[in-house]
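Colleague: I am new to this structure and would like to go through it step by step. Could you show it first?

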Amino acid sequence: MTEEIIIAGFGGQGVLSMGKILAYSGIMENQEVSWMPSYGPEMRGGTANVTVILSDERISSPYLKLFDTAIILNQQSMDKFENSVKPGGLLIYDPNGISHHPTRKDIQVFQIEGTKLAAEMENKKIFNMVILGGFLKKKPIVKLENVIAGLKKSLSERYHHLIPLNEKAIQVGMESIHPY
Amino acid sequence: MSELKLMKGNEALAEAAIRAGADAYFGYPITPQSEVIEYLMTEQPEKRTGMVVLQAESEIAAINMVYGAASTGKKVMTSSSSPGISLKLEGISYLAGAELPAVIVNVVRGGPGLGTIQPSQADYFQSVKGGGHGDYKLYVLAPASVQEMSDFVEDAFNIAFKYRAPVLILSDGLIGQMMEKVNLKDQLPRLTNDEIIEKYDSWAVTGRKNRRRNIITSLDLQSEKMEARVHRLMKKYEQMEKEDLRYEKILCDDAEYLIVAYGSSARISQKAVELARKKGIKAGLLRPITLFPYPKQPLFELADQVKGILSVELNAGQMVEDVKLSVEHKVPVEHFGRTGGIIHTPEEVLEALEQKIIKNGNLRYHTTRESSIL
């Protein structure tokens, strides 16, 4: 199994940390992982994206043109990455702030109202965990318990009391993802 | 005890320096290698091993601190990115001339000039063809993964002390910034001052009395002596070529077409080779792990087997010259690479292989440098 994922949105949405948690979860399952950020000037306020690969085998290129899954969190990223999904692949997006919805018919398109759900949970910071939950519902490539173990590894101990909240957000995401 | 972690390449390299028993790190921050000094400052290795970490006032100060510390037989490292390495070159030439062991790390960004902060491999010439002035070479290691960013630090120190010569780890913004799983090595103890005297008393300035003075200098105004020094350096480089060449062959056994690539380009090219194989094209990859010494002989031999070779580099065509020198016109050799901080995708590499090598299989030696750039 190899899963090639691009996560793209605004800087500050937790795009990079979501990728990092996914990578840690992969390690918990003894998979090979790579996490390749766009670290350019765009990180300082503009778009941010990260390529995450989880695989049973040694990962060759950490940098890709086409992805099994694109998780898209703003309009610029939709414009840039809709066509980077492999035919038959998966596109997940938050419709918040999206004016041009995806038009491709050869891929699966799912929506998740991450911004809205996080606001309802009164914690905007768990937005990325809601989205991650939605993704894991569609592609259960890592077990939830390993995501939690990954969270424990990637968060410093003073934030460990927030892990139940993150777990809740993942659950909400899993329940809320729906086809577009 | 070794330890499994998810780390950035730059962080893995910094941690590896501590674990390799380095005595000192002198550096100055620059994107995309700033995590090296950030990690070391956060980790405070002076509390773990007594290792000194100092942010110098400039790259030039840092490399001269390296010169000073290396003169005393200490294990010392510095790191920077392209424009910073240009500033260090005078010092690097002096290190080579004075025959001092040191590890220098370049996490390459696009150039020339201040260029861009994105990944690049445009410092190949600077790394393997001198860079600084005079007849010298650096032993150059090119990591292609976070694991190698970690492993190559100890290897680099071993080579530096084996030959009493500066060693360069030539990474780039992609390998430095990405995170992968890394198995960290066990902590090696730092040498005590007595151990340093025992091992390096023949050349290092250790402060020991009642022996012939050790003088560290690259200056020799007597021509015969200077020539002897240059010959001694050349002997070292010959020995490096004989004993410490490193490279990796991937799917080369039945290859009809060969890609040569190092560092991040090797990772991307490996995927291109996988894509090619799916299309029925018998492609293989030769990855130089050391850029000096260069795998000339393996390439010379593969040139009898393959129909053409593509040198894939994140630059406008640098290593391709060494590929051509190695194969001595036995087969067509072309270059492909993006520049300016753009990273080529595996699909672009495969297309270049098809267009420049496979399609033009019957035409030989027809391209110019200009036409080899996308």
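What follows is a set of questions and answers on cavities, helix packing and the backbone of this predicted model.

Colleague: How many cavities of 30 Å³ or more does the structure hold, and what is the volume of the largest cavity?

Modeller: The structure holds three cavities of 30 Å³ or more. The volume of the largest cavity is about 60 Å³.

Colleague: Which element gives the largest share of the lining of the largest cavity?

Modeller: The lining is made of Ala16(B), Arg19(B), Ala20(B), Ser150(B), Asp151(B), Glu154(B), Lys185(B) and Asp186(B). Two elements of chain B, helix H1 (9–19) and helix H7 (146–163), each give two or more residues to it. The largest share, three residues, is from H7(B).

Colleague: How do the residues of that lining of the largest cavity divide into nonpolar, polar and charged?

Modeller: Among the lining residues are Arg19(B), Asp151(B), Glu154(B), Lys185(B) and Asp186(B), and Arg, Asp, Glu and Lys count as charged. For the largest cavity the division is two nonpolar, one polar and five charged.

Colleague: Which helix gives the most to the lining of the second largest cavity?

Modeller: The second largest cavity has about 40 Å³ of space. Its lining consists of Ile85(B), Leu89(B), Ile92(B), Asn106(B), Gln126(B), Ser127(B), Leu138(B) and Leu168(B). Helix H5 (82–97) and helix H6 (124–128) of chain B are the elements that give two or more residues to this lining. With three residues, the most comes from H5(B).

Colleague: And how do the residues of the lining of the second largest cavity divide by class?

Modeller: Ile85(B), Leu89(B), Ile92(B), Leu138(B) and Leu168(B) are among the lining residues, and Ile and Leu count as nonpolar. The lining of the second largest cavity divides into five nonpolar, three polar and no charged.

Colleague: Turning to chain A, are H1(A) and H4(A) parallel or oblique?

Modeller: Helix H1 (residues 15–28) and helix H4 (residues 127–138) of chain A pack with their axes 10 Å apart, at an angle of about 45°. Angles under 35 degrees count as roughly parallel, and 65 to 115 as roughly perpendicular. The angle therefore makes H1(A), relative to H4(A), oblique.

Colleague: Which residues of H1(A) meet H4(A), and what classes does the contact have?

Modeller: On the H4(A) side are Asn128(A), Met129(A), Ile131(A), Leu132(A), Phe135(A) and Leu136(A). From H1(A), the residues that meet them are Ser17(A), Met18(A), Ile21(A) and Leu22(A). By class, the contact of H1(A) with H4(A) has eight nonpolar, two polar and no charged residues.

Colleague: In chain B, at what angle do the axes of H1(B) and H2(B) cross, and what is the hand of the crossing?

Modeller: The axes of H1(B) and helix H2 (residues 34–43) of chain B come within 8 Å, and they cross at roughly 50°. H1(B) and H2(B) are therefore oblique to each other. The crossing in which H1(B) passes H2(B) is right-handed.

Colleague: How do the residues of the contact of H1(B) with H2(B) divide?

Modeller: H1(B) brings Asn10(B), Glu11(B), Leu13(B), Ala14(B), Glu15(B) and Ile18(B) to the contact. H2(B) meets them with Glu35(B), Val36(B), Tyr39(B), Leu40(B) and Glu43(B). The contact of H1(B) with H2(B) divides into six nonpolar, one polar and four charged.

Colleague: Where is Pro32(B), and what is the omega of the peptide bond from Thr31(B) to Pro32(B)?

Modeller: Pro32(B) is in the loop between strand E2 (24–27) and H2 of chain B. The peptide bond from Thr31(B) to Pro32(B) is cis, with omega near 5°.

Colleague: What is the phi of Asn30(A)?

Modeller: Asn30(A) lies in the loop between H1 and strand E2 (32–37) of chain A. Asn30(A) is not a glycine, yet its phi is positive, about 65°.

Technical notes: Residues numbered from 1 in each chain as written. Chains lettered and ligands numbered in written order. Predicted model: local features only at pLDDT ≥ 70, side-chain atom pairs only at ≥ 80, totals over all residues. Heavy atoms only, no water. 1 Å grid on protein atoms, 1.4 Å probe; cavity = no way out; pocket = protein on both sides within 12 Å on 5 of 7 lines; lining within 4 Å. Points joined across faces, edges and corners; volume = space filled by probe spheres on them. Helix = DSSP H or I, 4+ residues; strand = E, 2+ residues; numbered from the N terminus. Axes fitted to C-alpha atoms, helices over the stretch in contact; angles between N-to-C directions. Parallel < 35°, antiparallel > 145°, perpendicular 65-115°, else oblique. Contact = heavy atoms within 4.5 Å. Left-handed = near helix turned anticlockwise from the far one by under 90°.
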